[in-house]
Every structure is written in C-alpha cells, then in structure tokens.
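Please have the structure in view while reading.

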Amino acid sequence: MTAVATLSPRPVRPLGYLLAAAFLALVVVGAVCAPLVTPFEPDAVDFGASLAPVSPEHLLGADQSGRDLLTRILYGARTSLVGPLLLLAIASALGVALGTLAAWHRGWVDAVVSRVTDVMYAFPGLLFVVLILAVFGNGMTTAVIALGLAYAPTIAKYTRSVALAECGKPYIDAYRVQGMGGLAICVRHLVPNMGRSIVGYLVVLFGEGLMSLATLSFLGFGAQPPSSDWGLMVKEGQPAIVQGAFLPVLVPGAAIALVVVSFNVIGVRLADRMGVRGI
Amino acid sequence: MVRKLTGVLATLLVTSFVIFGASYAAPGDPVTFLAGGKENLTPEYLAAVRAQYHLDDPFLVQFGRWLGDAVTGDLGRSTQYNDQVGDLLAARLPSTLGLVAYAAVLFVVFGIALGVLAAVRGGRTDAAVVAGTTFATSVPPFVVATVLISLFGVRLGWFPVMGGGSLWHLTLPAVTLALGALAIISRVTRQAMVEQRELDHVTVARASGLSERLIVVRHVFRGALGPIVTMCGLVTAGMLAGTVTVETAFGLSGIGSLLVNAINTHDFPVTQAVLLLMVTAYIVVTTLVELVQPLIDPRARRRT
Amino acid sequence: MLLSVEDLTIEAGGRRPILREVSLSVGKGEVVGLVGESGSGKSTIARAVLRLLPQGAGVSGRVLVSGDDVLSMSPAALRDLRAAQVSMIYQDPRSSLNPVRRIGDFLTERMVLTLGRSKAEARTRALELLAAVGLRDPERCVRQYPHELSGGMLQRVVIAAALAADPALLLADEATSALDVTTQAETLALLRRIQAERELGMLFITHDLHLAAAYCDRVHVLYAGAVVESRPAKELFADPRHPYTAGLLACTPELGDPRPIRPIPGRPPSLDDAFAGCPFAPRCPHATGDCDAWQPRPLTVAGGSTACRLVEA
C-alpha cells in the first residue's frame with residue numbers, strides 16, 4: 001500500500017504524483033502484457049488451488065475456483081480501465097457538444113439543456129443509471145452507455161461555464177465579425193481552446209467513473225461472469241470471506257482503491273495546472 | 001415560496017414521468033416487459049397487467065392513472081413476490097431508514113468533529129484529516145464493506161457478518177454508508193471554518209477579549225453552520241440511494257437490496273416503486289434543506 | 001500615561017520592518033492622531049496595542065497600557081485588557097459584526113462572556129449604550145441583524161459596543177473612512193462628545209491629515225513604518241517641518257486656496273522597499289545626496305520632533 005502511505009494533502013507533492021503515475025503505468029503495462037507476465041489463463045479453473053494463499057506460484061493467491069488472482073486482476077484491468085475510458089468518451093462527446101451549444105446559443109437551447117440536466121440531477125447517485133439498466137437489461141455495454149449518459153450533464157454544465165468565459169473573449173467576436181459561421185468557430189476555435197481545462201476535468205472524473213462502473217458490476221448490473229472485472233471479482237469473492245479467505249475480495253478491492261487514489265492525486269495536480277475550476 | 005413549491009412539484013412530475021415512461025423505452029411489447037419478460041405467460045396474467053397499467057388507454061391517461069394510483073399508495077403488484085408492492089416497501093422501509101439514520105448520526109458527529117479539529121489545530125492534524133478524507137472518497141463503499149466484513153466481522157469477530165435487526169448488526173453497514181459522507185462533511189466543515197476565520201468580525205471578537213474557544217464556537221463555527229447544514233442535508237438525501245450498494249454488500253433486507261433484486265429478476269413494478277420513493281425522498285429532503293437555510297442565515301430571509 | 005508605545009519594531013518577513021522604532025503616548029482625555037498613507041503601518045500600531053500581531057511576527061520594544069506591558073502579559077491579563085481596558089473601533093462596521101447574530105448579541109456578548117455580568121444587566125446596559133450613541137429605537141435595534149441597518153447606524157453600534165466595558169482607551173482605526181460624508185461628520189462629533197464626557201484617551205487613526213489636525217490634540221505622521229513628525233496639531237498644520245507632512249498638506253485641495261494642488265511624486269513604499277537612509281528621500285523635493293545615507297532619528301523642533309536632517313541644516 002505504498003501509494004497510500006505517501007498520499008499527501010493538497011498541494012500534492014511531486015512524490016505522491018510520481019508514485020501515482022508510476023503505479024498507473026505499472027497497471028497499464030501489466031494489463032497490456034498480461035499474457036507475458038503470468039503463466040495462467042484468467043478463467044483457468046483449478047480446484048486444487050481453491051482459495052490458495054499467497055505463494056510463489058500464486059503471487060496474490062487464488063479464488064474459490066482456484067483461478068489465479070494476479071492473472072485475473074491484470075486481465076480485469078483491461079475491462080476496468082477501458083470501461084471508464086469509453087463511458088467518458090460518450091459523456092464528453094455529448095457533454096461538450098451540449099455545453100458548447102448551450103453557451104453559444106443561450107436562449108431556449110440553454111434552457112432546454114439545463115432543464116434536462118435538472119431532471120437527471122433529481123435522481124440521486126446512480127439511480128438514473130439503474131433505471132436505464134432496469135429497462136434495457138444488465139450488461140457491461142448497457143452500463144457503460146448508461147453511465148456515459150448520466151455523466152454527460154455534469155460535463156455539459158462544466159463545458160458551458162468554460163465556454164461562456166471563453167465566448168466573452170475578443171477573439172471569438174473577431175471571427176464572428178469576419179463572417180465565420182457559428183459552427184465553424186465552435187468546432188475550430190472554441191472547443192480546441194477549452195480542450196486543456198476539459199481534459200483536466202475528465203481526469204478527475206475518471207476515478208469516479210471507475211468507481212461507478214465497478215459498483216454496477218458489484219451489484220450484478222455491469223460485467224457478467226466469467227469476466228474478471230474488478231467490481232465483479234469483489235462480488236464473486238464475497239462468499240469466501242466467511243471461510244476466512246480475504247484475498248479474493250481484498251486484491252480487487254485494493255486494485256480499485258489504489259487506481260482511483262492514483263487518478264485523484266494526478267487529477268488534482270492536473271486540475272491545478274490546467275486551471276480546472278470548481279473542484 | 002409558492003414558486004419554489006411549484007418548481008418542486010414540476011420536478012417530481014417530470015421525474016415520475018421518466019420513471020413511468022421508461023417501460024415504453026424497453027425493447028418489445030410493454031406488456032411482456034412489465035410482466036417480467038418471462039416466456040410462459042398466461043393470457044389472463046397479461047390481461048391483469050394490462051388492467052393494472054391501463055395499457056389500453058392513451059399514453060398520458062395511463063401515466064395519470066398510474067401516478068394517481070401511486071399517490072394513493074397503490075404501487076401495483078410485484079411480478080416476483082406476487083405481493084402488493086406497497087406492502088413490500090412498508091416491510092423493508094424501517095430497516096433502511098434505521099440504517100440511514102444511524103449513518104447520518106455517525107457522519108454528522110464525526111464529520112463535523114474532524115473538520116473542526118482540522119481547522120482549529122491546523123498543521124499535522126489538518127494534513128492527516130485532508131489525506132484521510134481524500135483516501136476515503138477514493139474507495140467505493142462496496143470495497144469498504146468487504147474490508148470491514150473481513151476485518152471486524154470475520155478476523156476479529158466483533159460484529160455479525162450478515163443479516164440485520166439489531167443496532168449491532170447495523171454498525172458495520174452504517175459505518176460503510178457514513179464513510180464517504182463523513183469525508184465530504186469534514187472537508188466542507190474545514191473549508192467553511194477556515195473561510196470564516198479570516199473574516200474581520202472574528203478579529204473584532206478576539207479584540208474584545210473573548211477566549212479562543214468561545215470565538216471558535218460562537219463566531220467561526222456559527223458562521224460556518226450554513227454550508228455545513230446544507231451539505232449534511234444533501235448528503236443525507238443522497239444516502240437512500242447509497243443503501244443500494246451497502247445493503248447488497250451486507251446482505252441486509254431493505255429497499256436498497258429490494259431494488260437490486262427487482263432489477264436482477266426483471267420485477268419492474270417494484271423497480272419503479274423503489275426508484276419513485278428514493279427520488280421523491282431526495283427531492284423533498286433537498287427542498288427542506290433550502291427551506292431551513294433562512295433559519296441559519298438571517299441574510300437569506302429577505303429573499304424568500 | 002494611559003498608553004505608551006516605546007521603540008516598537010515589528011518585522012514580518014518583508015525586506016523592511018512594518019514598524020521601525022515607533023514611540024508615542026496617549027494620556028487620559030487626550031486625542032492623539034496617527035496619520036499615514038495605506039501601508040504606512042498605522043493600523044499595525046493599533047493592533048499591536050491589543051497584541052493582534054501578524055502571523056510569525058518578530059517584535060521588539062514595549063507597549064504599555066496603564067503601565068503594564070501588553071506584549072509580555074499573560075493570556076488572562078491580555079483578555080482582561082482587551083475586554084475591559086482598551087476598545088477598538090474599525091473602519092468597516094459591516095464586516096466588524098457577525099452577520100448571523102443580532103445586534104443585541106454583539107453588544108451583550110462581551111459583557112456576559114468576558115466581564116461576567118448577568119444577561120438582564122447586559123441587556124439594560126446595551127439599551128443605555130444604544131441610546132447614548134444616538135440610535136432612536138434601541139429596543140428594536142437589539143433585535144435586528146446587521147444587514148438591516150445602515151453603515152452609519154452600524155458604526156454607532158460598534159461605538160456603543162466599544163463603550164460597553166467602560167474602557168479607558170479608545171482606538172479608532174479609520175473609524176469614519178467607510179461612511180458617507182454626512183454620516184462621517186455625525187460619527188466624528190459623536191466620538192468627540194463621548195471622548196470628552198468620559199475623559200477617554202483616544203488614538204485616532206486616519207489617512208486624512210486635515211481631519212487629524214482639526215480633530216486631535218497631537219498628531220504623529222507615519223511614513224514607511226516610522227514616525228516622521230510628531231507635534232501638536234495646530235503647530236503641525238500651521239508649520240509642517242517634515243517635507244512629507246508638508247507634501248500631504250499640499251496635496252489636498254482647499255476652498256479659496258489659490259495654491260495649485262501638488263501631489264507627492266512617486267508611490268507609497270511597500271514592504272519590499274528597503275532603505276539605507278531616509279525612506280522619504282526618493283520622493284522628497286528637498287532631498288540632497290546625503291539624505292540617502294542619513295539614518296532618520298527624531299530631532300527636536302518647536303513642540304515636538306521631526307525626523308528630517310534638513311531641519312538641522
């Protein structure tokens with residue numbers, strides 16, 4: 001738990017930032033090169049190794065079915081990291097478009113966007129996502145799309161405030177005077193200029209997105225077996241707790257916590273640097 | 001005031017419409033969907049569902065009748081338990097409310113205490129509290145739950161692992177539910193206190209010979225109370241939704257775990273009812289928080 | 001002597017001290033003016049009398065109130081001094097009052113919590129004080145919140161609170177600067193009346209030299225944290241001996257005065273401007289090369305002292 005021990009208060013010291021970055025790099029490399037790192041298959045059942053403790057063979061132990069936990073964590077990192085990435089892609093595509101549109105058009109577009117946002121904000125926590133999942137059925141794809149939709153208003157709201165500030169700058173007026181169309185100004189000038197602060201904001205949201213997605217998987221709404229998504233691993237490992245075997249839940253749990261902490265440490269620093277507001 | 005209430009009612013109406021209309025967004029015939037999507041459905045059963053949801057009426061009329069039924073307590077019949085949804089909720093609501101109340105007490109008391117401590121002591125205490133709360137908000141509740149069960153439930157055996165009932169049973173779930181909220185509240189408290197401390201009237205109070213303790217209590221904390229109460233209210237309002245994860249993780253029988261079961265078994269009437277309940281409670285509590293504000297800050301009274 | 005500041009030097013990390021060897025005194029029933037531009041350190045002096053020092057400040061010298069050194073007294077004695085002996089009136093009455101507490105609370109708080117009076121007694125006294133500072137409906141006033149009163153009324157409340165403990169010394173830190181002109185005159189008259197009635201010593205801090213000269217018995221002019229001229233008000237006004245004092249007097253327009261307005265060139269020194277010699281030399285119209293090397297010290301002139309080497313020459 002080294003990354004945790006050095007976690008420092010704001011302003012984040014470079015040491016914490018470096019450790020967080022190193023840890024994330026390690027996870028990403030591990031996930032990409034998983035087949036080279038471990039000799040096991042993520043789904044390889046071996047009842048002889050059921051609930052195996054930490055050993056040279058199973059570095060982080062094994063779950064009830066004897067599947068190697070390190071292997072599953074590394075393969076699971078793929079879903080657990082790509083999932084939030086996709087949902088943020090959906091959310092930011094929608095959110096940036098709507099936010100820019102609202103700020104550019106004001107008037108009724110702005111009003112409509114903010115009403116829709118209000119309705120979505122009236123659902124506390126993940127309930128909006130849960131409603132979508134209840135209608136369209138469980139599964140990772142639905143979960144990612146639903147979360148993407150749920151995060152869009154947040155990003156739209158943020159983009160709108162950044163865009164409003166940016167629209168007030170003279171260069172936008174200058175393009176308008178030159179006769180450039182609204183769409184062209186937005187796409188070619190406004191959005192790229194907001195890029196920095198939006199990307200900073202997305203990094204901060206990544207940790208939250210990962211937690212949300214893992215929570216859905218834990219509830220059984222997201223990733224389905226035999227996936228080794230970290231949230232699902234915690235769910236599947238839970239029965240083993242009563243038998244006194246904690247590794248099946250602690251390993252994926254720690255993976256989630258450490259990755260989220262790392263993203264938050266980096267996010268706070270990036271936010272400071274890129275002038276992300278209101279976090 | 002009247003405007004505010006109309007706004008709240010409008011939000012409630014729209015959200016309930018979204019919850020109701022969701023069944024129409026589902027692929028396939030709403031009847032099959034509402035009936036639980038099972039294959040071997042008798043025509044009689046489908047007819048009953050049709051009648052329950054007034055599916056033969058125009059869409060808006062259906063919504064109106066559904067909402068009217070919901071307001072009068074008729075939430076339909078569960079496809080899974082074959083029980084009145086209202087009865088299911090009534091049976092499970094007390095334990096969920098107990099859990100939320102327990103967690104609320106925990107996070108209010110400890111969150112504010114930690115925030116005040118960090119603001120007053122400063123230095124290392126402050127750094128430790130900030131680091132601790134940053135970490136606490138980075139761990140999802142279901143992970144906290146499994147860690148607490150492993151450590152205090154199984155390894156140390158201090159608390160029962162599963163099931164509910166007593167306060168003792170509810171302790172670990174309440175701690176889990178409270179942890180994130182505690183982190184938020186202690187941060188808000190700390191921040192508000194630090195801001196208040198810089199204000200001139202605090203120096204004035206100090207210059208009039210008041211002791212530091214009295215200054216902190218009567219001026220700094222009193223001034224910070226507005227944001228603290230607002231945040232406590234908002235966080236408590238959101239907690240009902242938080243029980244979904246916590247009750248599932250601890251195997252408690254409440255409306256949170258009811259929702260999870262309903263979704264996993266395609267029991268849409270129950271899903272609708274629980275969502276409606278949680279959203280309504282959330283909107284009502286957040287509105288109450290806004291209404292309480294003028295009692296805390298006299299400056300807000302003029303505007304209402 | 002009621003208040004006696006001796007060689008007070010306060011350093012807080014800048015390149016020059018905030019205050020450098022400041023000495024001044026206030027007797028019973030005396031009004032002493034302290035004049036300077038913003039950043040000259042005048043508020044720091046008033047705050048030092050209550051030991052409200054900047055964070056991490058290095059302090060030398062003594063601040064005696066009725067003979068006791070404020071800078072070295074015990075916390076209990078300090079609270080007693082703040083509560084009972086010295087009161088301060090601040091520039092902005094709106095920010096001096098806790099916005100979420102009633103006026104009555106503000107007045108009775110110190111009486112109940114620091115002077116140990118009963119609540120009923122404190123309330124009676126609060127009503128008396130509010131009447132004494134000329135507020136028309138004290139009963140109503142104690143139930144109101146600060147945002148319901150005008151700036152002038154609030155300043156009266158602050159003055160009433162300052163009188164709550166029957167202090168011997170009043171520190172008025174730009175007490176009227178934030179008020180509009182008519183309220184300003186009323187408030188000044190009120191302060192003067194109360195000061196005379198109760199024979200209070202008052203340290204009157206302002207940036208307005210004309211006001212100080214008209215209002216005070218003696219005036220100290222402060223520049224870059226040091227006293228540059230210190231004389232009876234009338235003499236100072238009639239015949240300023242320090243070029244800075246003369247400059248301040250010359251840069252305010254006066255009705256029927258044919259002289260052109262001459263602003264002092266340059267800008268007030270910040271804490272990052274360090275000086276080897278006379279700090280005013282860079283802006284002084286009379287400065288010679290020697291001024292840059294001359295360590296300012298008070299030189300006796302008619303009625304007081306001034307820190308300009310040119311008076312000797």
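Among the elements that cover the buried residues of H4(C) are helix H2 (75-85), helix H5 (119-132), helix H6 (138-141) and helix H7 (151-163) of chain C. The model discussed here is a predicted one. Helix H4 itself spans residues 103-113 of chain C and is mostly covered, since eight of its 11 residues are buried. These buried residues are Ile103(C), Gly104(C), Phe106(C), Leu107(C), Thr108(C), Glu109(C), Arg110(C) and Met111(C).

**Contacts between chains**

Two pairs of chains are in contact, and chains A and B share the most contacts. By contrast, chain A and chain C do not touch, and their nearest C-alpha atoms are 21 Å apart.

In the pair formed by chains A and B, 41 residues of chain A and 44 residues of chain B take part in the contact. On the side of chain A that touches chain B, at least two residues each are supplied by helix H5 (107-121), helix H6 (127-136), H9, helix H10 (230-241) and helix H11 (247-274) of chain A. H11(A) gives the most to this side, with eight residues.

In the pair formed by chains B and C, 18 residues of chain B are in contact with 20 residues of chain C. On the side of chain B that touches chain C, the elements that give two or more residues are helix H9 (200-207) and helix H10 (212-250) of chain B. The most comes from H9(B), with six residues.

**The two domains of chain B**

The domain assignment divides chain B into domain 1 (2-74) and domain 2 (89-300). The C-alpha centres of these two domains of chain B lie 33 Å apart. Their contact joins 12 residues of domain 1 of chain B to 10 residues of domain 2 of chain B. Helix H1 (2-25) and helix H2 (30-34) of chain B each supply at least two residues of the side of domain 1 that touches domain 2. The largest share of that side, seven residues, comes from H1(B).

**Classes of residues at the contacts**

| Side of chain A that touches chain B | 30 residues | nine residues | two residues |

**A pair of helices in chain B**

Helix H11 (residues 255-264) and helix H12 (residues 268-296) of chain B pack at an angle of about 145 degrees, and their axes are 9 Å apart. The crossing of H11(B) past H12(B) is left-handed. H11(B) contributes Ile255(B), Leu258(B), Leu259(B), Ala262(B) and Ile263(B) to the contact, while H12(B) contributes Val270(B), Thr271(B), Val274(B) and Leu277(B).

**An exposed residue of chain A**

Is Gly181(A) buried or exposed? Gly181(A) counts as exposed because it has 11 C-beta neighbours inside 10 Å, and a residue is exposed if it has 12 or fewer. Gly181(A) belongs to the loop between helix H8 (170-177) and helix H9 (182-219) of chain A. Gly181(A) and Val261(A) are 80 residues apart along the chain, and their C-alpha atoms are separated by 43 Å.

How values were computed:
Residues numbered from 1 in each chain as written. Chains lettered and ligands numbered in written order. Predicted model: local features only at pLDDT ≥ 70, side-chain atom pairs only at ≥ 80, totals over all residues. Contact = placed C-beta atoms within 7 Å. Helix = DSSP H or I, 4+ residues; strand = E, 2+ residues; numbered from the N terminus. Domains from an automatic or database assignment. Buried ≥ 20, exposed ≤ 12 C-beta atoms within 10 Å, placed from the backbone. Axes fitted to C-alpha atoms, helices over the stretch in contact; angles between N-to-C directions. Left-handed = near helix turned anticlockwise from the far one by under 90°. Nonpolar A, V, L, I, M, F, W, Y, C, P; charged D, E, K, R; others polar.
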